[in-house]
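Please open the structure in your viewer and keep the sequence panel beside it. The tour below goes from one selection to the next.

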Amino acid sequence: MADFEAGMLVDKERVMALDGEGRAAFAQADFSAARRAFEQAAQACRAAGWREDLVYQLLQITQAMAHEPGYDPSAAQALLEEALEAARATGEPRWILPVQINRARLDLQEGRYAECLRLVQAGLPIALDAGFDDFAGSLVQFAAFACVGLERFEAALRLNSAAQAQRDREGAVVSGRAVREAMERNLAPARKSFPAGKRAA
């Protein structure tokens, strides 16, 4: 028993070390090195049967991939499906919802706007019931972007206002100029479809 526990500690330390390497590489914009470290950590989690840690590492892999040259969003699909299976096995919204949010983001990237809305509709009640207001806000924002893709511009602007109101309640700020600019590009078709006075109303 002692040997087994010692082995578990060694495996955990290895995962933590790989995770640290990956996060450090990510911070230095070495996204390929980050992905490799997260992949090794994920493999160790699979071998040990650590569902929560596996979900976390799989999501980090997809985030590193998204910054690599020639990124193909479809390459993340299998990883997110694996993450969702592991998350659902925990039965915990705090693991399920981040995967759902990342799947919705992937649907947006690939132009599957109706599917994104379905994921939001499925995930939003879970987020609200669990009291995860930040996750709820992210889902509403993605719904706004999906409505732009579906040319439901008035709904998009209403949902965007709701997401902004949620951030205001939390005191949250969208950090990073690139993120803010991307959000504005996503919403631009909806904003252009209404005169400024009507948008304000």
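**Whole chain.** Start with a cartoon view of everything, bearing in mind that this is a predicted model. The protein chain has ten helices and zero strands. Its C-alpha trace spans about 70 × 40 × 30 Å along the principal axes. Colour by accessibility next: of the 201 residues, 39% count as buried. Among contacts between residues at least 6 apart in sequence, 57% join residues at least 24 apart.

**The largest nonpolar core.** Select Val-15, Leu-54, Val-55, Leu-58, Ile-61, Ala-87 and Val-99. Within this core of 29 residues, they are the ones that touch the most other members. Now show the elements that give two or more residues to the core: helix H1 (2–27), helix H2 (31–48), helix H3 (51–65), helix H4 (77–90) and helix H5 (93–109). In soluble globular proteins, nonpolar side chains tend to be buried together.

A second, separate core has 25 residues, including Leu-97, Leu-117, Leu-119 and Ala-156.

**Around Val-15.** Return to Val-15 and display what surrounds it. Which residues are in contact with Val-15, leaving aside its neighbours within four places in sequence? They are Ala-41, Ala-44, Cys-45, Trp-50 and Gln-57.

Move along helix H1 to Ala-25. Is Ala-25 buried or exposed? It counts as buried, because its relative accessibility is 10% and the cut-off for buried is under 20%. Beyond its neighbours within four places in sequence, Ala-25 is in contact with Asp-30, Ala-33 and Ala-34. Draw a distance from the C-alpha atom of Ala-25 to that of Arg-36, eleven residues apart along the chain, and the separation is 9.9 Å.

Next select Ala-29, in the loop between H1 and H2. Phi of Ala-29 is near 65°, a positive value in a residue other than glycine. Most residues other than glycine have a negative phi.

**Aromatic pairs.** How many aromatic pairs does a search of the whole structure find? There are two. For one, select Phe-26 and Phe-31, an edge-to-face pair at 5.0 Å centre to centre with 75° between the planes. Phe-26 is partly exposed, with a relative accessible area of 29%, whereas Phe-31 is buried at 16%. For the other, select Phe-132 and Phe-135: the ring centres are 5.5 Å apart and the planes are at 70°, so this pair is also edge-to-face. Phe-132 is partly exposed, with a relative accessible area of 25%.

Go to Glu-151, in the loop between helix H7 (133–149) and helix H8 (153–170). Glu-151 is not a glycine, yet its phi is positive, at about 60°. Its relative accessibility is 60%, so Glu-151 counts as exposed.

**The largest pocket.** End with Ile-101, Arg-105, Ser-138, Phe-142 and Val-179. Of the 41 residues that line the largest pocket, these lie nearest its centre. The space in this pocket is about 1400 Å³. To see the surrounding elements, show H3, H5, H7, H8 and helix H9 (177–192), which give two or more residues to the lining.

Note on methods. Residues are numbered from 1 along each chain as its sequence is written. This is a predicted model: local features need pLDDT of at least 70, side-chain atom pairs count only at pLDDT 80 or more; totals for chains, interfaces and linings use all residues. Side-chain values use heavy atoms; hydrogens and water are left out. A nonpolar core is a set of buried Ala, Val, Leu, Ile, Met, Phe, Trp, Tyr and Cys residues joined through side-chain atoms within 4.5 Å. Buried means under 20% relative accessible area, exposed over 50%, partly exposed in between (1.4 Å probe, protein chains only). Helices (H or I, at least four residues) and strands (E, at least two) are DSSP runs, numbered from the N terminus. Contact means heavy atoms within 4.5 Å. Rings of Phe, Tyr and Trp (its six-membered ring) pair if their centres lie within 6.5 Å; planes under 30 degrees apart count as stacked, over 60 as edge-to-face and the rest as tilted. On a 1 Å grid over the protein atoms alone, a cavity is a set of points where a 1.4 Å probe fits but cannot get out, and a pocket is an open set with protein on both sides within 12 Å along at least five of seven lines; lining residues have an atom within 4 Å of a point. Grid points are joined across faces, edges and corners, and a volume is the space filled by probe spheres set on the points.
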